[in-house]
Amino acid sequence: MIFPELSKKISTAIIALILFAITLSFVSLVNDIDQKNIDEFNSPFTINSSYFIDKSNNADINEVLTSAQFIESNINSIPYALAEQSYWIKLSLHYPIGKSLLSVNIQERRAYENEHLVLMAEHSMLDSFIVYELGAIKAPTILFDKSLTDLEVSQNVYPAVNLELNQFGYSEYLIKLKSSGPPNIPLQLFKPDDFEQRLLLSQLIYGAFIGILLIIAIYNLVLFFAGKDKVYLLYIGYLISAFAVLSSLTGYGYFLFSEQVMHLLNQYLIFNDFLLIIFLLLFTLFFLRYDRLNHWAYKVCIGFVAIISLLALYSLSLDELAQTKLFFSIQPLFYIVALYLIFNRLKQDFSWARFYFLSWLPLFVGAIIQPMVLLNQLEYSFLTGHAFLFAIMIEVTFMAFALAERIRRSEQEKLTMIAYHQSNHLPRQTNLEHKINEILKDDIQDFTVIVIKPEQFQRIELYIDEQTRVKFIQDLNQKLSSLFRFNDAVLHTTDQLEKLCYLENCSLAMVINNVDNEQNIELFIHSIQQAVQDVYSIKNLKLPLSAFVGLATYPEHGSSSASLISNASIAASNAETSQSKWTYYAQKDSENSPSSIQLAIDLEQAITHKGFELFHQPQIDLKTNKVCSSECLIRWNHPVLGAIYPDVFIAIAEDFGLMPSLTLWVVETALTQQARLTEHTGLNHMVSINISGKDLIQANFIDDVAGIISRCDIKAEKIIFELTESISFAQNNIAINTIEKLIELGITISIDDFGTGYSSLSQINQLPFQELKIDREFVEDVCSDIKRKVIAETAVKMAKGLGLEVVAEGINSALDEETLRSFGCDIGQGYFYAKPMSYDDYLEWLNNLTNGQIPKSLDGEFIPVDK
Ligand code: C2E
Ligand code: MG
Ligand code: MG
């Protein structure tokens, strides 16, 4: 762990050092260039200069020489301004002060005559640059004229002329300057050797610039083809326009293109400037992903770009001066917008935009300095005069990093999409599985997977929006994460050192190393539940709820990551069902679990092949002690697993949509047996059939039931349908409609397991029931348990008050029977009379009774058992 970290730091330091060294040598190179030009301190001659500004722009040399008023000035202090005007400069060279033709000897004179100076106009877009040599007696002669067509390429880029002292120690020149681009025309004097070197150095810098731009453009092209992201094309657009602008401004384009092309580029310089900011703005917008953010700034910027584009087109109809003014008035606005976009993004996510931000710093500085030099607001030096070129050079280098970071980021996002949940951004289950697999490979042999299921959350979810839901889960995660931050027994599941993972059923899961866990597990779970309770609030509504916790320990409760997580989830659900707050996984828990898909397959087979049996449990009229009815209870004899109880497979049948066909088999069998039973025994016997809530919303249920009734030739009045009390159908209009139709058919509707559900008796009264079955939870041992007694008595009395028939299921003794009879209960059912038995056994059991009546000798004893 430490070694790669260290080597990473060392290599970063080395790269930083190399970059620093390159920057230093580059700065000294640029500095060297600036050192080369001549000023009054290092000149071999005395230099005098004066200027005249021809505002009319049409004076010729004779007029200028005869009538122009020249103003004394240093050649670098001529007030160039953004206007259509020409500049005439008189430049004279003579022996240094104190020396004259008479005072210098012949040797010195030779030496001075050998001295040359090169005058360069640092401007590649000159309309005119004419240098005349003035003589005392002879007419002015042209030394250099930029407008001549047979100039060498380098004379276009570096327009320059040789100056020397004549034999009298005095030379005078007249220079005419007019710019077709930026107004500032820096005039520089060099010694010939220095001039050569200066040219070489500046060509080297241009070469480096073009090279970098080319490489970055190709790099972006490759990225575009690799990722098809238009942001790279926009950047190439920006690079091309920056290249075009700078090829005009610096003149290096003359090395690459023909004069005609350069003429065009110079002509469209401002238009290219517009293109540059359009591309840069679009690039910024897409690079920082405003298009995906759904941010207002996106639309505003697109509008702004559209306006700039129109202005760019409009600028083509203007003269150069007006174009330039228009562009420079728009430029500050562009920088404000661009900086807003960057800072806004930086505020949200610094690491993501940092290189991009860094790349803008030089660009911003360069973009302020360069126009100031061009407009003659700032003194020219090679560095300031090429500020924009350097700025772009540094900018594209940083941008290469920024683009690389962006790629890394999108790769990471792809990974995050797999490893992290889309909406709540918590680690997904895969992280936990991965961690467990790692542990299994390691030596940790004793660990527990813990699933934390927020209490009632699946119901609360129905009332809240997605945002609230996500916030709740995130709050929960945060609270629990801080609880476990310093607990080393709770293991990290991700590289980001997160400990909790989100499971799709709205639970959180983690894994603890039991060896390291010094805390008592009960206390540990209590701390979890306390934390959940503390944070359990929805939209500031503090709820008195906590969490159910399920645990699965390796290897007892599973040998693979998937089985351990799934079993811990089952345990959490089981804790919820049994209201025991927390529980370890137990084998039987999984019988209802989604992993019982095999059971569903077998169940489907059993339905097709009628692999069930119907058992009967008698119900006794407590007034007459006569058997008045039997409850039909389904039994499944699984070919491999043996007898499986309805508590297990009914839920599966409901989950897998198998209930309707199963119920129809039950109804058909029950009614057939009822018909035979009545025929056989002649008893006044009714039949009670359990119906699932799912059956009630089945479209053909009524027709199917009616069909079976008529086929079996049985009176509907002899049938009772038991419905388990549940909210699901009480509030479902289709279900209520079905119940009403069943009642119309003549069927009695009984409410089963009363007391275990949610509804109060008054709610039930709104529904059309005729019978109420008090759950055995309140009936078993009712005689000895005061609490049950109160509940059972109240339930019976209230139900009787509502005119309902009351059945008590789970009567276990004569005393229970007596107690319920005393409350006014009508019917009894329970092991005290008989356990559920097969139809044949039931017939035999009935035959053993006299007149269908339970003998008095039953006192406290159980008779026939469930076979
Ligand atoms: P239930 O309708 O409340 O049925 C009564 C359950 O209590 C039966 O369990 C019965 O064996 C049991 N029982 C009866 N007297 C006593 C007693 O004195 N002590 C104890 N401890 N238990 C007693 P069983 O047969 O396992 O059925 C369980 C549940 O499965 C039923 O509860 C019912 O909700 C459902 N079920 C059974 N058969 C069917 C069916 O054909 N269709 C549907 N939809 N559900 C069924
Ligand atoms: Mg029942
Ligand atoms: Mg029941």
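Is Asp752 buried or exposed? I looked this up at the outset, and found that Asp752 has 5% relative accessibility and therefore counts as buried. I note that the model is a predicted one.

**Entry on the magnesium ions**

I next looked up what surrounds the magnesium ion (ligand 2). I found four names on its list of donors: Glu631 through OE, Asn690 through OD1, Glu722 through OE and Asp752 through OD, at 1.9 to 2.3 Å. I wrote down the spacing of these donor residues in sequence as E-x58-N-x31-E-x29-D. I placed Glu722 in strand E21, residues 719-724, and Asp752 in strand E22, residues 748-754. Glu722 and Asp752 are 30 residues apart, and the pair links distant parts of the chain. I also checked Glu722 for burial: its relative accessible area is 1%, so Glu722 is buried, the limit being under 20%.

**Entry on Gln496**

I turned to a residue in a loop. Gln496 lies between helix H18 (466-484) and strand E11 (501-503). Its relative accessibility is 53%, and because exposed means over 50%, Gln496 counts as exposed. I then looked up its separation from Pro427, which is 69 residues apart from Gln496 along the chain. The C-alpha atoms of Gln496 and Pro427 are separated by 9.7 Å.

**Entry on aromatic rings**

I recorded a count of 41 aromatic pairs. One of them is formed by Tyr206 and Tyr252, with 5.4 Å from centre to centre and 50° between the planes. Tyr206 belongs to helix H5 (residues 192-227), whereas Tyr252 is in the loop between helix H6 (230-250) and helix H7 (253-256). The two residues are 46 residues apart, and their pair links distant parts of the chain. I found Tyr206 buried, with a relative accessible area of 2%. Tyr252 is buried also, at 1%.

I then followed ring pairs through a cluster. Its members are Tyr235, Tyr238, Phe283, Phe287, Phe334, Tyr335, Tyr356, Trp360 and Phe364.

**Entry on charges over rings**

Where does the charged end of Lys581 sit? I found it over the ring of Phe548, 5.5 Å from the ring's centre. I also noted Lys228, which lies over the face of Phe224 at 5.8 Å from the ring centre.

Key
Residues numbered from 1 in each chain as written. Chains lettered and ligands numbered in written order. Predicted model: local features only at pLDDT ≥ 70, side-chain atom pairs only at ≥ 80, totals over all residues. Heavy atoms only, no water. Donors = N, O, S within 2.8 Å, 3.2 Å for Na, K, Ca; no water. Helix = DSSP H or I, 4+ residues; strand = E, 2+ residues; numbered from the N terminus. Buried < 20%, exposed > 50% of the residue type's maximum accessible area, 1.4 Å probe, protein only. Phe/Tyr/Trp six-rings, centres within 6.5 Å; stacked < 30°, edge-to-face > 60°. Lys NZ or Arg CZ within 6 Å of the ring centre and 35° of its normal.
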